[in-house]
Amino acid sequence: MLSISGRIAGWMKAYGARWRFCLRMTVAAVSAFALAQIFTMPLHGLWAVLTAVAVTQMSVGGSLRATGEYVLGTVGGAIYASAVGVFVPHATVLALAGALAIAVAPLALAAALRPSFRVAPFTALIVLLISSQFGEGPIESGFYRVLEVTLGGLVAVVVSLVVFPGRANRLALAAAARLIEQLSHALPALLTGFTRQLDDGEIVRIQDGLGQAVSSVQAMLAEAGGERFITFAVEPDPGPLLRTLLRLRHDLVIIGRAAIAPLPDPFAARLGPLLQRIGETGSNYLHAAAMALAARNPPPPLEPVLAEPDGYAAEITALRNGGFTRKLSSNELEQVFALGFALDQLHQHLNDLGRCVQEWATAPQAPSVT
C-alpha cells in the first residue's frame, strides 16, 4: 500500500500542472453555467459554457490570448451574419443555403488570412441557423452570441487568474529547459556521424524532435507576452533566449547535414577523439544549463567549452600543413570546413546561452503557484 501511494503521489507531482489545468477548466465551466442560470440565458447558457471551456488554457497568458481571439472572431462573425440575415431573404431552405454561403465564404477567407477570425464562420452559422429555429431575429441572435461568448471568456480569464494561476513565463522556461536537454543529447549523437555512418532515419528523428521542441517554446513565449501587464514583477525579455535557442538549433542542423557521411581518413582518425570530447563537453554544459534555467540558478562554468575550438583549429592546421587537404574532393573539403564553421558558431551561441541563463537567474520572479 505504501508503494502504491508513493507511486500515486509521484504521478500527481509529475502531472501537477495538468491536474491544475483540469481543475481550472472544470471551475470555469461550472461558473459560466451558474452565471447563465442567474441571467436566464437561452439554452442554459450553452455558448457561455462552451466558450469558457474552449478558451481556458494551461497559462494565464494563453487564456488571455485565446479569449481575445475568440471574442474578436465572434463579434466579427455576429455582425456580418446579422447583416446578411437582415438584407438577404432566407425564408425557404434554398434561400437559407444561399444566405449561409454568402455569410460563410468571406469569413472563411478572413479566417485563412488571420487565424484570430477562425471562429467567425462558426459564429455566422450559429446566428443564421439558431435564429431561424427559435424565432429570433438575426440581430437579436447575434447580440446573444456576443454576450454569451464575452461572458464565457471573462469567466475563463478570471478563473485562470485566481484558481492555481499558471504563469506562461514559468511554463516557457520549462519548455526551453526541455529543448536544451534535447540539444544536449542530440549534439554528441550527431557528431558521431563524422566517424561512423549514421542511419538517415536517426538524423531525421533527432532534427524533427528539435523542431517540435522549438515550436513549443515559441508558442509558450508568445503566451507569456500576453500576460506581461498582469505580472507583479519585471521579467526579462524572452527574445534573447528564444533567438539563442534558434541559433543553437541551426548549429545542429548544419552539423547534421555535414554528418551525412563519415570524414575521410586520416581526418576521421585525427579528429574523431577531439569530436568525441567536444560532444561530451558540450552535452554536459547543455545539460547543466537546462537544469540551471529551469531552477533559475546561475549558469555552469563555460571555460571547458571555450577551449575546444582552439583544439579543432590546431588539428585542421596540422592536417593542412601535412598536405592532406589537397587530397580531398570538393565535397569532402566542404564537409570539413562546414564542420569547423558550425563548431565555431556553436561555441559562440553556448556563450550566449550562459548569458541568458544568468539574466533569468538574477531577475525577480512573479508570484505563481505552479
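Helices here (H or I, at least four residues) are DSSP runs, numbered from the N terminus, as are strands (E, at least two). Keep in mind that this is a predicted model: local features need pLDDT of at least 70, side-chain atom pairs count only at pLDDT 80 or more, and totals for chains, interfaces and linings use all residues. Residues are numbered from 1 along each chain as its sequence is written, and side-chain values use heavy atoms, with hydrogens and water left out.

**Stop one: helix H4**

Select residues 60–87, which make up helix H4, and show the side chains of arginine 65 and glutamate 69; both lie in this helix, 4 residues apart, about one turn. They form a salt bridge, with the closest N and O atoms 3.8 Å apart. The rule behind that label is a side-chain nitrogen of Lys or Arg within 4 Å of a carboxyl oxygen of Asp or Glu, and by this rule the count comes to 4 salt bridges.

How exposed is arginine 65? It counts as partly exposed, at 43% relative accessibility (buried means under 20% relative accessible area, exposed over 50%, partly exposed in between, with a 1.4 Å probe and protein chains only).

Arginine 118 counts as exposed, at 54% relative accessibility. Keep all of Arg65, Glu69 and Arg118 on screen, as they are linked in a network of salt bridges.

**Stop two: the pocket around that network**

A pocket, on a 1 Å grid over the protein atoms alone, is an open set of points where a 1.4 Å probe fits, with protein on both sides within 12 Å along at least five of seven lines; lining residues have an atom within 4 Å of a point.

**Stop three: the largest pocket**

Which residues lie nearest the centre of the largest pocket? Pick Ala17, Met58, Leu171, Ala174 and Arg178, from a lining of 12 residues. About 310 Å³ of space lies in this pocket. H8 gives the most, with 5 residues. The lining has 6 nonpolar, 2 polar and 4 charged residues.

**Last stop: helix H14**

Jump to residues 330–362, helix H14, and select aspartate 352 and arginine 355, which are 3 residues apart, about one helical turn. Their side chains meet in a salt bridge at 2.1 Å, N to O. Is aspartate 352 buried or exposed? Aspartate 352 is buried, with a relative accessible area of 17%.

Methods. Grid points are joined across faces, edges and corners, and a volume is the space filled by probe spheres set on the points. Ala, Val, Leu, Ile, Met, Phe, Trp, Tyr, Cys and Pro count as nonpolar, Asp, Glu, Lys and Arg as charged, and the others, Gly among them, as polar.
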